[in-house]
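Colleague: Before we go through the features one by one, could you show me the sequence and the model together?

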Amino acid sequence: ATRRTVFESGAILSYLAQKSGRFNPSTPDEQIETLQWLFFQVGHIGPMMGQLWYFKVFAPEKIPLAIDRYEREAVRLFGVLNERLRDRDYLIGDYGIADYAVGGPLSCDPATTSRLASIRTRLNPFSEAEQCQLINWGYAVCDAALRKHVDPAIPRPAGFPYPASGV
């Protein structure tokens, strides 16, 4: 067996899905669509959330122009996700690497994370309907947590959160 080093989050997820045969659709069209959403995270959500948190929370000097720019971009990106998830439970077909990738940069505050850690796991699995609701709820919680740090004058995406999810 050849040893391989894989770096960069999107490449690692794609490699693992390929090697395991899991979390990646089987049709070529859905595989391309998965890569599109994976790259959307790698090229947009991840970098923009990182910049927003740096300028909004960690920067020693608060620069209003930078904060405003990244807040607006974060809201725009959430709008794109909201529109995509409006009538579906996952970005492409079943839960896959694109959904997994998007979740990381949309992290929640520690109190919410602790509460989420107390819920059932794969040892005591959720029904499919419960999983769909939790994933949509997770996006809504992350959006709410982000909005705690975002200018309230920026409007929410239309129809948020996802009405069909029951959240």
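**Reading the fold, the rings and the surface**

Modeller: Read along the sequence, the protein chain follows the pattern α-α-α-α-α-α, with 6 helices and 0 strands; helices (H or I, at least four residues) and strands (E, at least two) are DSSP runs, numbered from the N terminus. This is a predicted model, in which local features need pLDDT of at least 70 and side-chain atom pairs count only at pLDDT 80 or more, while totals for chains, interfaces and linings use all residues. Residues are numbered from 1 along each chain as its sequence is written, and side-chain values use heavy atoms, with hydrogens and water left out.

Colleague: What share of the 167 residues in the protein chain is buried?

Modeller: Buried means under 20% relative accessible area, exposed over 50%, and partly exposed in between (1.4 Å probe, protein chains only). In the protein chain, buried residues make up 35% of the 167 residues.

Colleague: How many aromatic pairs does the structure hold?

Modeller: Rings of Phe, Tyr and Trp (its six-membered ring) pair if their centres lie within 6.5 Å, and planes under 30 degrees apart count as stacked, over 60 as edge-to-face and the rest as tilted. The structure holds 5 aromatic pairs. In one of them, W37 and F40, the ring centres are 5.2 Å apart and the planes stand at 75°, so the pair is edge-to-face. Both residues lie in helix α2 (residues 28-58), 3 residues apart, about one turn of the helix, and both W37 and F40 are buried. The rings of Y90 and Y95 are also edge-to-face, because their planes are at 70°, with centres 6.0 Å apart.

Colleague: Is Y90 buried or exposed?

Modeller: Y90 is buried, with a relative accessible area of 5%, whereas Y95 counts as partly exposed at 33%. Together with F23, these two tyrosines form one aromatic cluster.

Colleague: Which residues form the negative surface patch?

Modeller: Asp and Glu count as negative and Lys and Arg as positive, while His and the chain ends are not counted; the place of a charge is taken as NZ of Lys, CZ of Arg, CG of Asp or CD of Glu. The negative patch is formed by D29, E30, D89, D94 and E128. D94 sits in the loop between α3 (64-85) and α4 (97-103) and is exposed, with a relative accessible area of 64%.

Note on methods
Patches are made of residues with over 30% relative accessible area and no salt bridge: like charges are joined within 9 Å, nonpolar side chains (Val, Leu, Ile, Met, Phe, Trp, Tyr) within 5 Å. Accessible areas come from the Shrake-Rupley method with a 1.4 Å probe; for residues, only the protein chains shown count as cover. A salt bridge is a side-chain nitrogen of Lys or Arg within 4 Å of a carboxyl oxygen of Asp or Glu.
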